[in-house]
Amino acid sequence: MRFQLGKSCTSIGANYEESQAGSSKADFTNKVKIALREARETNYWLRVLKELNENSDESLEMLIKESQELKNILGAIVVKSNNN
């Protein structure tokens with residue numbers, strides 16, 4: 001799980017960074033959609049870790065909240081770019 005979490009969370013930033021150099025609006029939107037999928041996967045793995053953790057972990061709660069915020073931001077970018 002740690003390996004999958006590491007892959008998905010680093011992919012968010014990499015794909016968003018790649019979107020900034022998109023060759024077209026469609027390319028930009030596609031890269032942001034990939035970043036959004038990776039953010040969703042990251043959020044999933046963090047929630048799984050939370051359920052497996054027997055103790056309350058504030059840092060894990062903070063990461064889950066932050067990953068949800070990233071999902072919301074990326075989702076809004078996708079919606080806005082599809083509407084223009």
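Reader: At what angle do the axes of α1 and α2 cross, and how close do they come?

Author: An axis is a line fitted to C-alpha atoms, for a helix over the stretch in contact, and angles run from 0 to 180 degrees between N-to-C directions. Here the axes of α1 and α2 cross at roughly 155° and come within 8 Å. The two helices are therefore roughly antiparallel to each other (under 35 degrees counts as roughly parallel, over 145 as roughly antiparallel, 65 to 115 as roughly perpendicular, the rest as oblique). This is a predicted model, in which local features need pLDDT of at least 70 and side-chain atom pairs count only at pLDDT 80 or more, while totals for chains, interfaces and linings use all residues. Residues are numbered from 1 along each chain as its sequence is written, and side-chain values use heavy atoms, with hydrogens and water left out.

Reader: Which hand does the crossing of α1 and α2 have, and which residues make the contact?

Author: The crossing of α1 and α2 is left-handed, that is, the near helix is turned anticlockwise from the far one by less than a right angle (clockwise would be right-handed). Contact means heavy atoms within 4.5 Å. The residues that make this contact include Leu5, Ile12 and Tyr16 of α1 and Phe28, Trp45 and Leu49 of α2. By class, the contact has 12 nonpolar, six polar and four charged residues.

Reader: How do α2 and α3 pack?

Author: Their axes are 9 Å apart, at an angle of about 160°. That makes α2 roughly antiparallel to α3. The crossing of α2 and α3 is left-handed. Their contact is formed by 13 nonpolar, seven polar and seven charged residues.

Reader: How many helices and strands does the protein chain have?

Author: Helices (H or I, at least four residues) and strands (E, at least two) are DSSP runs, numbered from the N terminus. The protein chain has three helices and zero strands, and the order from the N terminus is α-α-α. Its C-alpha trace spans about 45 × 25 × 15 Å along the principal axes.

Reader: What span should helix α3 have?

Author: The expected span is 1.5 Å times one less than the number of residues. Helix α3 (residues 58-83) has 26 residues and should span 38 Å, which agrees with its end C-alpha atoms being 38 Å apart.

Reader: Which residues of α3 are buried, and against what do they pack?

Author: Buried means under 20% relative accessible area, exposed over 50%, and partly exposed in between (1.4 Å probe, protein chains only). In α3, the buried residues are Leu60, Ile64, Ser67, Lys71, Leu74, Gly75, Val78 and Ser81. They pack against α1 and α2. Of the 84 residues in the protein chain, 31% are buried.

Reader: Are Ser19, Gly13 and Arg2 buried, partly exposed or exposed?

Author: Ser19, in helix α1 (residues 2-19), is buried because its relative accessible area is 2%. Leaving aside neighbours within four places in sequence, Ser19 is in contact with Phe28, Lys31 and Val32. Gly13 also lies in helix α1 and is partly exposed, because its relative accessible area is 42%. Arg2, found in helix α1, is exposed because its relative accessible area is 76%.

Reader: What distance separates the C-alpha atoms of Arg2 and Trp45?

Author: These atoms are separated by 8.4 Å, although Arg2 and Trp45 are 43 residues apart along the chain. Gly13 and Val79, by comparison, are 66 residues apart in sequence and 19 Å apart in space, C-alpha to C-alpha.

Terms used. Ala, Val, Leu, Ile, Met, Phe, Trp, Tyr, Cys and Pro count as nonpolar, Asp, Glu, Lys and Arg as charged, and the others, Gly among them, as polar.
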